[in-house]
Amino acid sequence: QVQVVESGGGLVQAGGSLRLSCAASGSIFSINNMDWYRQATGKQRELVASITRGGITKYVDSVKGRFTISRDNAKNTVYLQMDSLKPEDTAVYYCRGEIATTRSASPRTYWGQGTQVTVSS
């Protein structure tokens, strides 16, 4: 079994910072891409940032220069440092991982339960 758990959300004023963490645990052989998504009320879930196992990163245009994704492969953990937060960043943030449970298994997608980020103006 694999569990993916996010933490670090909360309420912050505009211009402030938060750091989200996402830890994968359980029967894990390897993790390929790890991603952060977000879903605001009434909107579709969108990809915010992604990082490959080798550390290659991608960001949605709206967060470039403000958010930084990183990972610790030894801890099966991915982070999202969010600076200069804006009210429009308010959403539930979800972690997603492409995880293989054995050497021969194909990677499957696992999602966390989400963590709320609220930015007040």
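These legends walk you through several views of one predicted protein model.

Residues are numbered from 1 along each chain as its sequence is written, and side-chain values use heavy atoms, with hydrogens and water left out. Because the model is predicted, local features need pLDDT of at least 70 and side-chain atom pairs count only at pLDDT 80 or more, while totals for chains, interfaces and linings use all residues.

Figure 1. Along its principal axes, the C-alpha trace spans about 50 × 25 × 25 Å. Of the 121 residues, 38% are buried; buried means under 20% relative accessible area, exposed over 50%, and partly exposed in between (1.4 Å probe, protein chains only).

**Figure 2. A disulfide joins Cys-22 to Cys-95.** A disulfide is a pair of cysteine sulfur atoms within 2.5 Å, and here the S to S distance is 2.0 Å. Distant parts of the chain are linked by this pair: Cys-22 sits in strand β3 (residues 18-26) and Cys-95 in strand β9 (residues 91-100), 73 residues apart. Both cysteines are buried. The link is left-handed, with -80 degrees about the S-S bond. A search of the whole structure finds 1 disulfide.

**Figure 3. Asp-35 and Arg-96 form a salt bridge.** Side chains of opposite charge can pair when their charged atoms come close. A salt bridge is a side-chain nitrogen of Lys or Arg within 4 Å of a carboxyl oxygen of Asp or Glu. For Asp-35 and Arg-96, the closest N and O atoms are 2.4 Å apart. Asp-35 lies in strand β4 (residues 30-39) and Arg-96 in strand β9, 61 residues apart. Arg-96 also forms a salt bridge with Glu-98, with the closest N and O atoms 3.5 Å apart. Arg-96 counts as buried because its relative accessibility is 14%, whereas Glu-98 counts as partly exposed at 22%.

**Figure 4. Another salt bridge brings together Asp-89 and Arg-38.** The N to O distance is 3.0 Å. Asp-89 is in the loop between β8 (77-82) and β9, and Arg-38 is in strand β4, 51 residues apart. Both residues are buried. The count for the structure comes to 6 salt bridges.

**Figure 5. The largest nonpolar core has 27 residues.** Such a core is a set of buried Ala, Val, Leu, Ile, Met, Phe, Trp, Tyr and Cys residues joined through side-chain atoms within 4.5 Å. Those with the most contacts inside the core are Val-4, Trp-36, Phe-67, Val-78, Leu-80, Met-82 and Tyr-93. Among the elements that give two or more residues to the core are β1 (2-7), β5 (46-51), β7 (67-72) and β11 (115-120).

**Figure 6. Here we look at the contacts of Tyr-93.** Contact means heavy atoms within 4.5 Å. Leaving aside neighbours within four places in sequence, Tyr-93 is in contact with residues including Glu-6, Leu-20, Trp-36, Val-48, Gly-114 and Val-117.

Conventions:
Helices (H or I, at least four residues) and strands (E, at least two) are DSSP runs, numbered from the N terminus.
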